[in-house]
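Here is a short tour of a two-chain model, written to be read alongside the coordinates.

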Amino acid sequence: MRVKFHQNLDELKERLLVMAGMAEQAIQRSVEAYRTRDLSICELVFHSETAINKLEREIDQMALDLLAMEQPMAIDLRFILSVIRINADLERVGDQAVNIALRVREMGALANVDLPVDIPRLASLSLAMVRKALQAFIEGNAEMADSVFEMDDQVDAMNDAAYRSLTTFIKERPDLTPQSLNALIIARNLERVGDHATNVAEDVIFWVRGADVRHNVTSN
Amino acid sequence: MGVGIQVESLNAWYGSTHTLQDINLHIPANHATALIGPSGCGKSTFVRCLNRMHETNPIARATGVVKMGDIDIYRDASPVEVRRRVGMVFQRPNPFPTMSIYDNVISGLKLNGFRNRRILDETVERSLKQAALWEEVKDDLKKKSGASLSGGQQQRMCIARALAVDPEVLLMDEPASALDPVSTSKIEDLIFQLKSQYTIVIVTHNMQQAARVAENTGFFLNGKLVEFDSTHRIFTNPHDKRTEDYITGRFG
């Protein structure tokens, strides 16, 4: 039994879940900042990015050490490769939170108006995708990971709807173009969060089943 | 050239212990095939059945079919003939200590009655070149004893000795486990080159080594062949949970 090695794998998983919690919280905060226009929350998001980036490097180093020192095979090798990829996706989720906070900060200087887009609802669905993908990772549950893909279609549809309604709104109210463009970019950021959750789900499937389902292609 | 090996319903016993249980597999010609598994799983017994060495133990016996090409080695050939067609290299190099390097290499040929000096000279040079040892020993062939070489050189000399009788199959039972990393990589390079001319079966406890040198890998456990597949499949996504547990160290 390679007890120490498997303890290290458990530790790697725990660190990645800490990373996931930080990335998820950053998105929640950025959307809360949008909803309340509270710029102090934006500062928390900016601050958290530094910690997320630091943890990303730590996790990559742990994974690199395990690859170099333990020469993992089969499911362990696939697990470590998945962790490296999920780690990068979570860091990008953190970046999307920063992008949203930057837009909110810009909107803070503009008049607060009602826009024809439900950002909190889009955020709620994107975050539900992230949570489900991570739960699939925690449980090593490929079937649960499969269900994330259907949710991505909903998020894409909501983003498309946001694009249509906001571009129409810009034509009707050109004076509110700056606010509308910022909301459009935030919707796009949240749609990207959903894409990262999809990537995480694909990595869970690769880890558990050994199947590469990226880009709508399946190979074992 | 190497020949394919077809194994059907192979069973082997040591006394009353059933060490190999109904083994069926095809080892393709001119490929390297790795056999892995925990100690006592039957993989060494299996390779010893491929050159009829298993039966040299008085309490051992085997049943089943082992075909090399078209020849059933248990029905159509004598043990001596089988061992001429199937070379074997062991875990620890086993040079004949009192013999020169030259005599070590041609010892199998001499046993088979070859005396023609020109043919013997050519065989020594060819075999040592195939074993990537020629350049290191060509000036000392008859001056130095085989036992005076380093461990890695001795093992390559033993490979040259196995190749000298021009076999079709080369069996290697943990050929690099007693060697340092440099010597190990030379043996692995050698396996890679030799498989174009010979069918190679290698028993190894080193799974990275199996992954590096073999196209196919078989996993033995408790006398049974649990899984046989491409090495890529075995080490990235094996079908059988027992295989996965073994190669990821979750065993025992």
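This is a predicted model: local features need pLDDT of at least 70, side-chain atom pairs count only at pLDDT 80 or more; totals for chains, interfaces and linings use all residues.

**Chain A**

Let us begin with the overall picture. Chain A has six helices and zero strands, so its pattern along the sequence reads α-α-α-α-α-α. A compact globule of 220 residues would have a radius of gyration near 17 Å, and the 19 Å of chain A agrees with that. Along the principal axes, the C-alpha atoms of chain A fill a box of roughly 65 × 35 × 20 Å. Of its 220 residues, 44% count as buried. Taking contacts in chain A between residues at least 6 apart in sequence, 80% join residues at least 24 apart.

The buried residues of α2(A) include A:Cys42, A:Val45, A:Ser48, A:Ile52, A:Leu55 and A:Glu56. Further along, A:Ile59, A:Met62, A:Ala63 and A:Leu66 are buried as well. An α-helix has 3.6 residues a turn, so residues three or four places apart point the same way. Among the elements that cover the buried residues of α2(A) are α1 (3–36) and α3 of chain A.

**Chain B**

Chain B brings in an open sheet of four strands, in the order β2-β1-β4-β5, with antiparallel pairing. Because β2 and β5 of chain B stand at the edges, each with a single partner strand, one side of each is left without a neighbour in the sheet. Helix α1 of chain B, residues 43–50, packs on the sheet and touches β1, β2 and β4 of chain B. The direction of this helix makes about 65 degrees with that of β2(B).

The strands of the sheet span these residues:

| Strand | Residues |
|---|---|
| β1(B) | residues 5–14 |
| β2(B) | residues 17–27 |
| β4(B) | residues 60–68 |
| β5(B) | residues 71–72 |

Eight bridges join β1(B) to β4(B), which run antiparallel. B:Ile5, for instance, has B:Met68 of β4(B) as its bridge partner.

**Where the chains meet**

Finally, 11 residues of chain A are in contact with 13 residues of chain B. Helix α3 of chain A, residues 74–107, gives the most to the chain A side, with four residues. By class, that side has six nonpolar, three polar and two charged residues.

Definitions and conventions: Residues are numbered from 1 along each chain as its sequence is written. Chains are lettered from A and ligands numbered from 1 in the order in which they are written. Two residues are in contact if their C-beta atoms, placed from the backbone, lie within 7 Å. Helices (H or I, at least four residues) and strands (E, at least two) are DSSP runs, numbered from the N terminus. Ala, Val, Leu, Ile, Met, Phe, Trp, Tyr, Cys and Pro count as nonpolar, Asp, Glu, Lys and Arg as charged, and the others, Gly among them, as polar. A residue is buried if 20 or more other C-beta atoms lie within 10 Å of its own, exposed if 12 or fewer, and partly exposed in between; C-beta atoms are placed from the backbone. Two strands pair if DSSP finds at least two bridges between them. Axes are lines fitted to C-alpha atoms, for helices over the stretch in contact, and angles run from 0 to 180 degrees between N-to-C directions. The radius of gyration is taken over C-alpha atoms; the globule rule is 2.2 Å times the number of residues to the power 0.38.
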